[in-house]
Amino acid sequence: MGSTQLPPGTDETLAATSAAVAASGEPVEMVQLLGPDGKLGTDPVFSDYAKRIDPEKLRVFYADMARIRRFDQEATALQRQGELALWVPLTGQEAAQIGSAHASQPQDYIFPTYREHGVALVRNVDLAELLKQFRGVSNGGWDPRGNNFHLYTLVLAAQTLHAVGYAMGIQRDQKLAVAGDSNDPKAAVIAYFGDGASSEGDVHESMVFAASYDAPVVFFCQNNHWAISVPTEVQTKVPLANRAKGYGFPGIRVDGNDVIAVHAVTEWALEHAREGRGPVLIEAYTYRVGAHTTADDPTKYRELAEEAAWREKDPLERLEKYLRTEGLADEAFFEQVQADGDELAKYVRSTTHGLEVPDIRDSFANVYAEAHPLIAEEQAWFEEYSAGFEADQEAAN
Amino acid sequence: MATMTIAKAINEGLRASLKSNPKSLLMGEDIGHLGGVYRVTDGLIKEFGADRVVDSPLAESGIVGTAIGLALRGYFPVCEIQFDGFVYPAFNQITTQLAKIHARSHGRLTVPVVIRIPYGGGIGSIEHHSESPEALFAHTAGLRIISPSNAHDAYWMIQKAIECQDPVIFFEPKRRYWLKGEVDVENAGLSEDPFKAHVVREGTDATIVAYGPLVPVALAAANAAIEDGRSIEVIDLRSISPVDFDTVEESVKKTGRLIVAHEAPTFGGIGGEIAARISERAFLHLEAPVIRVGGFHMPYPVAKVEEDYLPDIDKILEALDRSLAY
């Protein structure tokens with residue numbers, strides 16, 4: 001025994017305290033309505049929100065999930081054939097994205113990370129435009145204001161702060177609108193990010209700012225369990241939803257493979273935000289079935305059994321079971337969904353081949369919004385330099 | 001014509017912008033009730049309220065990141081970073097996001113954010129309170145960087161920065177905050193274009209280019225050089241990105257000699273860029289190589305020895321001697 005011997009009883013106290021602290025980090029209850037068996041359960045709070053979803057809406061959920069999965073397969077194939085530089089698959093996360101996106105209203109603004117193809121679909125983004133970034137013909141692609149769906153961001157978590165700032169802008173707009181007697185509907189913001197991004201400092205700062213100003217923002221974390229090869233356990237010791245408590249706003253863990261529960265929870269959270277009650281964190285507990293990107297090899301870091309277990313919880317299969325059991329969709333519906341998916345795949349394939357390679361002059365044009373002498377000088381040099389080649393070409397002819 | 005300090009001129013400029021543009025707002029730590037650690041925002045929260053003068057959490061990335069979101073929603077945020085050495089936590093938001101959103105959106109989105117940074121040494125302060133990081137930002141396309149050297153410019157340049165559709169980093173020469181000067185609040189004059197350099201003293205034997213805190217030093221050196229019978233032209237660059245090379249080139253074609261002085265380390269700095277460009281543009285007019293006067297390649301030294309680090313009149317005169325010796 002050295003001089004650091006502990007006083008009597010301390011180790012027991014320490015053990016008991018540690019156990020209590022650890023217990024506080026036990027998984028929170030997860031909101032689930034539609035189980036993997038395709039049966040609809042109840043939830044004391046969110047069943048009321050689920051009741052708003054009529055059969056037609058459920059069929060739209062299914063059709064969108066199936067279409068985006070088909071799109072995902074097509075984009076993966078395009079990457080394998082060298083048509084895309086990279087692809088970021090979403091298979092497994094369809095319910096989290098389709099369910100949450102359908103809970104948003106047109107006036108809500110959405111900040112995605114880079115895997116939210118399902119959200120893009122619901123927001124009517126042309127999926128061929130979405131592929132521009134992955135084909136290397138644009139660093140954006142679509143008009144963010146056209147659909148209130150922001151550009152993808154590769155620097156993790158940067159957009160969570162933009163989302164909070166945008167939400168702070170909405171608050172100010174509402175004050176100005178009251179003064180000007182506007183009839184604009186109330187709006188909120190959704191910030192999508194993953195379990196890996198939750199470790200970034202910007203997520204922390206965004207939650208601090210959102211809480212401080214009661215910003216109308218919903219943080220939607222898709223916990224897909226793997227940040228490339230690093231598991232969630234390395235990102236956090238407590239369920240991610242629990243972190244919200246520390247900032248002073250509600251955090252909910254929802255079964256991210258249950259499109260009904262995701263929709264119900266997100267609809268509640270958006271209403272909460274729009275009504276000026278402050279931010280909400282939703283942790284959609286889901287799984288990235290495929291690779292992180294087409295450059296990744298998940299067999300190097302995770303067990304096939306784990307993937308297989310999650311396939312049992314597949315979001316499409318469980319909704320299909322429910323629709324069939326309840327007689328809400330017939331065989332013709334499912335055939336039509338498949339045909340629509342094939343049509344979408346065909347469209348994406350043909351438009352990808354046709355995506356135009358931009359002229360570098362477009363890049364000169366958009367570095368600054370206002371005239372800039374250095375840009376003008378460099379572009380003039382480039383024009384002269386290019387003209388030299390053309391003159392050589394003409395001389396050769 | 002009113003006489004005021006640079007700090008007061010910025011305060012008045014901010015006040016004018018807050019008044020004229022209901023969508024402009026200030027954000028930063030301690031800028032509200034305290035009025036900023038340098039009192040540059042003094043009294044503004046009383047006049048415009050906490051929604052327009054936002055005392056933010058202590059988080060530089062958060063300040064700039066939320067400002068980007070506000071700008072995307074149609075606002076004109078002006079962020080205050082408390083000291084130069086504290087801007088680095090926001091470096092990611094500034095260089096990977098703020099600078100690039102206009103380009104990434106094919107020109108569909110603009111982010112008219114202004115970032116105010118008190119910068120430079122000479123105030124006897126401790127570590128991280130005296131740095132000149134302008135070259136780090138100037139290397140990033142998409143940002144504009146300006147630095148006033150007098151009260152009139154300070155009053156107008158901050159307003160022009162807020163009006164600008166591009167992101168602007170506004171470096172405030174903190175050791176000159178209390179420098180008084182005349183401000184014409186009716187007429188911007190040459191300040192109408194904040195990205196244009198000013199010839200603040202005409203001369204024929206050599207040109208000294210400086211900006212921000214070193215403009216008074218360059219002027220003092222030019223005055224001292226009269227004793228040796230030398231006529232020195234002094235240019236206040238004002239804009240660090242873009243650099244107004246036309247004005248510098250024109251001056252060098254007249255004088256044949258160029259000295260660039262700034263507090264930042266000379267290696268990889270703005271002075272090197274000016275030297276290279278002017279060598280390309282006016283090689284046959286140069287009577288001597290362009291000489292840089294700046295900081296050493298070391299972390300900003302402790303306050304008790306900063307006088308040995310900072311460019312002063314003697315260092316500029318020494319550079320002039322070397323230039324004129326060719």
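Q: What makes B:Glu233 count as buried or exposed in this predicted model?
A: The relative accessibility of B:Glu233 is 3%. Buried means under 20%, so B:Glu233 counts as buried.

Q: Why is the pair B:Glu233 and B:Lys254 called a salt bridge?
A: The side chains of B:Glu233 and B:Lys254 meet at 2.6 Å, N to O. The cut-off is a Lys or Arg nitrogen within 4 Å of a carboxyl oxygen of Asp or Glu, and the pair therefore qualifies. B:Glu233 belongs to strand E11 (residues 232–236) of chain B and B:Lys254 to helix H9 (residues 245–255) of chain B, so the pair ties together parts 21 residues apart in sequence.

Q: How is B:Lys254 classed, and why?
A: B:Lys254 has a relative accessible area of 43%. Since buried means under 20% and exposed over 50%, with partly exposed in between, B:Lys254 is partly exposed.

Q: Why does the pair A:Asp342 and A:Arg70 count as a salt bridge, and what does the pair tie together?
A: The closest N and O atoms of A:Asp342 and A:Arg70 are 3.1 Å apart; the limit is within 4 Å, so the term applies. A:Asp342 lies in helix H16 (residues 331–354) of chain A, whereas A:Arg70 lies in helix H3 (residues 55–80) of chain A, so the pair ties together parts that are 272 residues apart in sequence. A:Asp342, at 37% relative accessible area, is partly exposed, and A:Arg70, at 23%, is partly exposed.

Q: What makes A:Asp48 and A:Lys51 a salt bridge, and are the two buried or exposed?
A: Their closest N and O atoms are 3.6 Å apart, and the rule asks for within 4 Å, so the pair is a salt bridge. Both A:Asp48 and A:Lys51 are exposed. By this rule the count over all chains comes to 46 salt bridges.

Q: How do you know that a salt bridge joins chain A and chain B?
A: A:Glu378 and B:Arg277 have their closest N and O atoms 3.7 Å apart. That lies within 4 Å, so the pair counts as a salt bridge. Between chain B and chain A the count is six salt bridges. A:Glu378 and B:Arg277 also belong to a network of salt bridges, whose members include A:Glu377, B:Asp246 and B:Lys253.

Q: How many residues make the contact between the chains, and what area is buried?
A: The contact takes 47 residues from chain B and 45 residues from chain A. The two chains bury about 3800 Å² between them, with 54% of it on carbon and sulfur atoms. On the side of chain B, B:Arg73, B:Arg104 and B:Arg108 lose the most area to chain A, together 18% of what that side buries.

Q: What makes a set of residues a nonpolar core, and which residues touch the most other members of the largest one?
A: The members must be buried residues of the listed nonpolar kinds, joined through side-chain atoms within 4.5 Å. The largest such core has 78 residues, and among those that touch the most other members are A:Val217, A:Phe219, B:Ile94 and B:Ile274. Helix H3 (residues 60–72) of chain B gives the most to this core, with seven residues. A second, separate core of 70 residues includes A:Trp142, A:Ile252, A:Val262 and A:Val280.

Conventions:
Residues are numbered from 1 along each chain as its sequence is written. Chains are lettered from A and ligands numbered from 1 in the order in which they are written. This is a predicted model: local features need pLDDT of at least 70, side-chain atom pairs count only at pLDDT 80 or more; totals for chains, interfaces and linings use all residues. Side-chain values use heavy atoms; hydrogens and water are left out. Buried means under 20% relative accessible area, exposed over 50%, partly exposed in between (1.4 Å probe, protein chains only). Helices (H or I, at least four residues) and strands (E, at least two) are DSSP runs, numbered from the N terminus. Contact means heavy atoms within 4.5 Å. Buried area is the accessible area (1.4 Å probe) that two parts lose on being put together, summed over both.
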